[in-house]
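Visitor: I'm new to this structure and would like a close look at one part of it. Could you walk me through how the helices there pack against each other?

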Amino acid sequence: MKRFLFSVVLLSGLGAGQAAQAQGSNMIHLISLGTRLGVRALAKDKQPVPVQPIDQATADKNAAANTAATIAAQPKELVLHRTPADQLPKKGADQITALEAQLEQCHAAMLATPGGIICTPEQRTAIQSAAVSVARARSNWDLQPYQQELAYYQAEDARRQQAAAAPAN
């Protein structure tokens, strides 16, 4: 009789464990089913949007709006940052002077021609190369004023190009 009771208790314990395992398994199946259904619903909502052709007038209007937004995001005021010769650090002085000379050429071009190009693509490349040289020579040197000055020249170039193109339309 004791043997029988032990077997019943043992079997009931195993049954409870199996029931719990079955419930856990059912829960996993429900979760994975819900996940699959959710993914399918999201995929169904993301149908490709048909591409509509854009006429030239709309494309021009969009380009003008993008140019205006770019110009609006640029600095409004030109601030020249030039380091006096007596304040140049010994290490990197040549690189800093070269960068400032490149920016000075753009500044002179801006003042000399009120409607012309300020910085050619070659000059912008030279300025960026000079800035990299400064960063290599003096990793702690603040390049932000130079970047802001270049951004101002780029914005002014874009404004001038837009003003030159406006009468043609």
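Guide: Let's start with one term: the axis of a helix here is a line fitted to its C-alpha atoms over the stretch in contact, and angles run from 0 to 180 degrees between N-to-C directions. Keep in mind that this is a predicted model.

With that in hand, take helix 3 and helix 5. Their axes are 11 Å apart, and the two pack at an angle of about 25 degrees. Angles under 35 degrees count as roughly parallel, so helix 3 is roughly parallel to helix 5. The crossing of helix 3 past helix 5 is left-handed. On the helix 3 side, the contact uses Ile-96, Leu-99, Glu-100, Leu-103, Cys-106, His-107 and Met-110. Helix 5 brings Tyr-146, Glu-149, Leu-150, Tyr-152, Tyr-153, Glu-156 and Arg-160. Sorted by class, that gives 9 nonpolar, 1 polar and 4 charged residues.

Arg-160 deserves a stop of its own. This residue of helix 5 has a relative accessible area of 8%. The cut-off for buried is under 20%, so Arg-160 counts as buried. Setting aside residues up to four places away in sequence, Arg-160 touches Met-110, Thr-113, Pro-114, Gly-115, Gly-116 and Ile-118.

Now bring in helix 4. Helix 3 covers residues 93-112, and its axis comes within 8 Å of the helix 4 axis, crossing at roughly 155 degrees. Over 145 degrees counts as roughly antiparallel, so that is how helix 3 lies against helix 4. This crossing is left-handed. From helix 3, the residues that meet helix 4 are Gln-95, Ile-96, Leu-99, Gln-102, Leu-103, Gln-105 and Cys-106. Facing them in helix 4 are Gln-123, Ala-126, Ile-127, Ala-130, Ala-131, Ser-133, Val-134 and Ala-137. The tally for this contact is 10 nonpolar, 5 polar and no charged residues.

Gly-92 is buried, at 9% relative accessibility. Beyond its neighbours within four places in sequence, Gly-92 is in contact with Ala-137 and Arg-138. Gly-92 and Arg-138 sit 46 residues apart along the chain, yet 5.9 Å separates their C-alpha atoms.

Finally, step back to the protein as a whole. It has 5 helices and 0 strands. Of its 169 residues, 19% are buried. Among contacts with a separation of 6 or more, 75% join residues 24 or more positions apart. The protein exposes about 12600 Å², and carbon and sulfur atoms supply 61% of that area.

How values were computed. Residues are numbered from 1 along each chain as its sequence is written. This is a predicted model: local features need pLDDT of at least 70, side-chain atom pairs count only at pLDDT 80 or more; totals for chains, interfaces and linings use all residues. Side-chain values use heavy atoms; hydrogens and water are left out. Helices (H or I, at least four residues) and strands (E, at least two) are DSSP runs, numbered from the N terminus. Buried means under 20% relative accessible area, exposed over 50%, partly exposed in between (1.4 Å probe, protein chains only). Contact means heavy atoms within 4.5 Å. Accessible areas come from the Shrake-Rupley method with a 1.4 Å probe; for residues, only the protein chains shown count as cover. Angles under 35 degrees count as roughly parallel, over 145 as roughly antiparallel, 65 to 115 as roughly perpendicular and the rest as oblique. A crossing is left-handed if the near helix is turned anticlockwise from the far one by less than a right angle, and right-handed if clockwise. Ala, Val, Leu, Ile, Met, Phe, Trp, Tyr, Cys and Pro count as nonpolar, Asp, Glu, Lys and Arg as charged, and the others, Gly among them, as polar.
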